[in-house]
Amino acid sequence: MNKVLIVAGMYQKLRWDNWGTGVEAFNVELWRMLNRNKNTKCIMLAPSDTELKGTPYPLLLWNQPSKEENLSAKPSGSERERKIEIIDSENFDYIIVNSDIDIPFGFYKELAQLGKPIMFFVHCHAAGIARYHFWKNLFDLRQEYPHIRIAVESEYLKRKIFEKTYQDIDFVIPLTFDEGLGQANFVESPLSEVAYVGRITKQKNSHHLISWLENSQFNLHLLGEKWSNVASIRMKELLWQQAPYPKSVTAHGQVPQNELKHILKNKLCLISPLPTETFSLAAFGAQKLGVPVVSIQKEPNEAINEYMIEGTTGYTVLLQPKERLKDITPRVIEAVAKCKNLDREFIYHHFKINYSSEKFLEHFISKLKQCPEPENELKQQWK
């Protein structure tokens with residue numbers, strides 16, 4: 001049996017019932033799936049205040065260090081040092097660093113020095129692609145420790161990173177959710193409600209989404225929390241956040257996984273309003289439930305097109321050169337209306353067969369096993 005450690009992002013709020021909220025959700029999902037596999041035992045390294053306590057799978061908890069401590073080159077007897085020693089004593093076969101672009105390189109360099117095959121599974125939004133120094137530091141770390149492998153979730157993201165850095169990603173591993181989501185009851189009656197899953201912020205184009213549908217025949221359901229980082233929020237965002245929603249909009253807040261399934265099952269479609277999505281767990285999760293997706297995109301063949309079948313499981317609204325988001329309202333409404341003609345049962349069964357947790361685990365574990373053993377001279381004990 002392979003013993004695997006998942007290192008969760010140091011600043012993520014990990015919740016058992018989280019879904020559609022980025023890398024936090026996938027950390028939990030991967031942890032669940034690996035433990036359900038009879039050939040792996042997976043332990044999650046997570047902050048001591050995690051909401052995952054009491055769940056049936058093993059945790060390795062630590063007190064949340066400061067960001068300065070994580071980024072420092074020498075921990076000097078810190079909580080970080082103690083946890084590295086504990087990780088070393090556990091003798092893991094593989095280490096998975098499953099994180100977003102806020103990587104504390106001091107800490108992760110020490111993980112690489114433990115002399116175990118290690119995969120950095122990096123998730124980032126479109127803005128993260130532009131963070132050249134982050135990617136340079138990560139590729140420099142791989143060059144220093146050749147047993148490191150780097151994975152991302154889409155060919156689109158791999159291509160964009162190469163365009164920015166001229167460096168190759170090692171693996172592309174499309175994400176999934178296990179079958180715990182189950183099948184939604186397919187609704188045959190006319191549908192007039194549209195869903196959005198994710199943070200409610202102008203950064204995600206939530207304001208455009210509301211304006212597109214405000215005067216249409218479709219009601220909009222927002223499933224997610226308002227962005228509340230007031231310390232760095234811009235005034236325009238803050239004013240928009242405080243403004244009341246139109247009557248056609250229902251805000252549900254953060255929704256647990258089981259409740260989310262029941263809300264989505266009778267929605268005409270889910271809209272992904274942010275061009276250049278690097279995967280979109282929300283859109284993928286909707287497709288696994290049999291719900292069509294309308295994706296707003298700046299260029300053909302973005303990440304969502306790697307699993308969405310145009311005209312069969314959803315529709316793309318492609319921005320034309322110099323076209324502004326506020327000007328695409330008629331085409332968005334047209335795409336939403338066309339979703340009435342899609343076969344929701346086909347969508348569900350297509351994703352159940354082609355994107356099962358079993359297929360994902362087979363692919364993921366095969367890539368994990370391609371992470372090489374360090375050379376003898378690189379097998380350093382962390383001091």
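The exercises below, each with a worked solution, concern a predicted model of one protein chain.

Residues are numbered from 1 along each chain as its sequence is written, and side-chain values use heavy atoms, with hydrogens and water left out. Local features need pLDDT of at least 70 and side-chain atom pairs count only at pLDDT 80 or more, while totals for chains, interfaces and linings use all residues.

**Exercise 1. The chain as a whole**

Describe the secondary structure, burial and contacts of the protein chain.

Solution. 
- Step 1: The chain has 14 helices and 13 strands. These are DSSP runs numbered from the N terminus, with helices being H or I of at least four residues and strands E of at least two.
- Step 2: Of the 383 residues, 55% are buried. Buried means under 20% relative accessible area, exposed over 50%, and partly exposed in between, with a 1.4 Å probe and protein chains only.
- Step 3: Take the contacts with a separation of 6 or more; residues 24 or more positions apart account for 71% of them. A contact means heavy atoms within 4.5 Å.
- Step 4: The accessible surface comes to about 17,000 Å², and carbon and sulfur atoms hold 48% of that area. Such areas come from the Shrake-Rupley method with a 1.4 Å probe; for residues, only the protein chains shown count as cover.

**Exercise 2. Two residues compared**

Solution. 
- Step 1: Beyond its neighbours within four places in sequence, Met1 is in contact with Lys38, Asn39, Thr40, Lys41 and Asp93.
- Step 2: Not counting residues up to four places away in sequence, Ile87 touches Leu5, Leu45, Leu60, Phe92, Leu111 and Leu114. Leu60 is 27 residues from Ile87 along the chain, and their C-alpha atoms are separated by 8.8 Å.

**Exercise 3. The second largest pocket**

Give the volume and lining of the second largest pocket, then follow Asn205 and Thr276.

Solution. 
- Step 1: On a 1 Å grid over the protein atoms alone, a pocket is an open set of points where a 1.4 Å probe fits, with protein on both sides within 12 Å along at least five of seven lines; lining residues have an atom within 4 Å of a point. Grid points are joined across faces, edges and corners, and the volume is the space filled by probe spheres set on the points.
- Step 2: The second largest pocket holds about 200 Å³. Its lining consists of Lys202, Gln203, Asn205, His207, His208, Leu274, Pro275, Thr276, Lys298 and Leu325.
- Step 3: By class, the lining has 3 nonpolar, 5 polar and 2 charged residues. Ala, Val, Leu, Ile, Met, Phe, Trp, Tyr, Cys and Pro count as nonpolar, Asp, Glu, Lys and Arg as charged, and the others, Gly among them, as polar.
- Step 4: Asn205 lies in the loop between β8 (193-197) and α8, and is buried at 8% relative accessible area. Outside four places in sequence, Asn205 touches Pro273, Leu274, Pro275 and Leu325.
- Step 5: The Asn205 side chain reaches the backbone oxygen of Pro273 at 3.1 Å. This is a polar contact (a pair of N or O atoms within 3.5 Å; within protein, one must be able to donate a hydrogen and the other to accept it, and residues adjacent in sequence count only if both atoms are side-chain atoms).
- Step 6: Thr276 is in the loop between β11 (269-272) and α11, and counts as buried at 18% relative accessibility. Although not a glycine, Thr276 has a positive phi of about 65°.
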